[in-house]
Amino acid sequence: MNKLKGPVGLFLCGGGALGSWQSGVLSRLVAGGLEFDAVAGFSVGSLNGAAYCYNKTGELRAIWSGLKPERILSVRPGYHNIPLELYQHHKPGFFSKIGFLFQKHASRMYLFSNKPVYDFLNSWLSKTDVNFNRNINFYVISHAVEMKLPYIVKFDGGTQSHNLSFVDSLVASCAIPTIFPPVEVTEHGRTYHLVDGGVIGIANINLNIFDGCKTIVMIGNSRDEDVNFPSVGAFGYFESRARRMLAVHTQKIYESRVFVKSEPIVHYIKPPADLNLGILEFDGVKCSRAFDVGEREAERWMSRLE
């Protein structure tokens with residue numbers, strides 16, 4: 001059913017548990033016959049991208065439905081004194097400025113171990129071949145704190161890269177500041193700390209990675225309304241800030257389409273309504289519902305291509 005003009009790129013945005021919706025969209029697109037020549041993703045988008053590269057999108061529903069918070073979130077607080085910069089979105093005023101400075105320092109802390117993420121990925125990918133099941137270029141995107149730039153690792157048909165393993169690159173892409181610790185990488189004798197750049201709001205990622213493509217399908221996990229997401233509940237402050245920054249970040253990535261020299265048609269698929277799901281709400285029942293919403297939205301989108 002691949003009626004899109006090729007080559008076709010696929011960009012998968014981040015969003016934690018919201019990625020269950022994205023998984024539903026992707027699974028349905030693949031089941032409907034869509035194929036992609038290049039894939040890029042950050043945060044949970046990189047995990048969904050890995051599923052596509054290894055032809056594992058059919059497994060995503062079972063993974064999300066079986067999730068429990070304790071499988072992902074294992075408490076182990078820590079602190080990394082790294083020069084992490086946040087997008088300066090605070091309002092004018094002394095107290096707002098003080099609050100922003102507090103956010104900067106708090107973002108260098110982390111509450112949970114990344115070991116469960118490593119355990120899941122190592123188990124999930126343990127039976128896969130070194131080479132992808134598809135002939136594809138896969139770009140895993142994280143953020144290099146010291147460089148203040150995206151850190152993009154290209155995997156050309158397999159899990160070998162110049163200096164970062166496949167699993168390490170995926171974990172780095174999912175290393176949400178305040179939640180998980182950064183992943184270290186050494187390059188040209190210097191050590192850099194890699195984090196998930198999607199929720200710190202510095203949108204240097206752009207769609208130029210797909211230059212040469214004639215079509216790009218971008219699957220986000222944010223809605224326009226998320227820029228005003230309210231703060232409610234125990235993790236309300238984190239949820240509000242993360243959702244706002246993710247929405248800003250995603251929109252800027254979409255706007256970067258005008259700079260792609262090959263002038264591709266960009267299809268942006270995003271949730272049609274509130275998913276009633278938090279970024280850290282790794283609840284199998286809620287994630288399954290979001291997955292179903294994603295499948296239905298993909299079906300509607302494909303019907304419009306007919």
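The protein chain contains 9 helices and 10 strands, where helices (H or I, at least four residues) and strands (E, at least two) are DSSP runs numbered from the N terminus. This is a predicted model, in which local features need pLDDT of at least 70, side-chain atom pairs count only at pLDDT 80 or more, and totals for chains, interfaces and linings use all residues. Residues are numbered from 1 along each chain as its sequence is written, and side-chain values use heavy atoms, with hydrogens and water left out.

Of the 306 residues of the protein chain, 56% are buried, that is, under 20% relative accessible area (1.4 Å probe, protein chains only).

Two packed helices are described by the angle between their axes and the distance between the axes. The axes of helix 1 (residues 19-31) and helix 2 (residues 44-53) come within 10 Å and cross at roughly 25°; axes are lines fitted to C-alpha atoms over the stretch in contact, and angles run from 0 to 180 degrees between N-to-C directions. Helix 1 is therefore roughly parallel to helix 2, a term for angles under 35 degrees. Gly19, Gln22, Ser23, Leu26 and Val30 of helix 1 make the contact with Val44, Gly45, Asn48 and Tyr52 of helix 2, contact meaning heavy atoms within 4.5 Å.

Helix 2 also meets helix 7 (residues 166-173), and their axes come within 7 Å and cross at roughly 145°. Here Ser46, Leu47 and Ala50 of helix 2 touch Phe166, Leu170 and Ser173 of helix 7.

Key: Angles under 35 degrees count as roughly parallel, over 145 as roughly antiparallel, 65 to 115 as roughly perpendicular and the rest as oblique. Buried means under 20% relative accessible area, exposed over 50%, partly exposed in between (1.4 Å probe, protein chains only).
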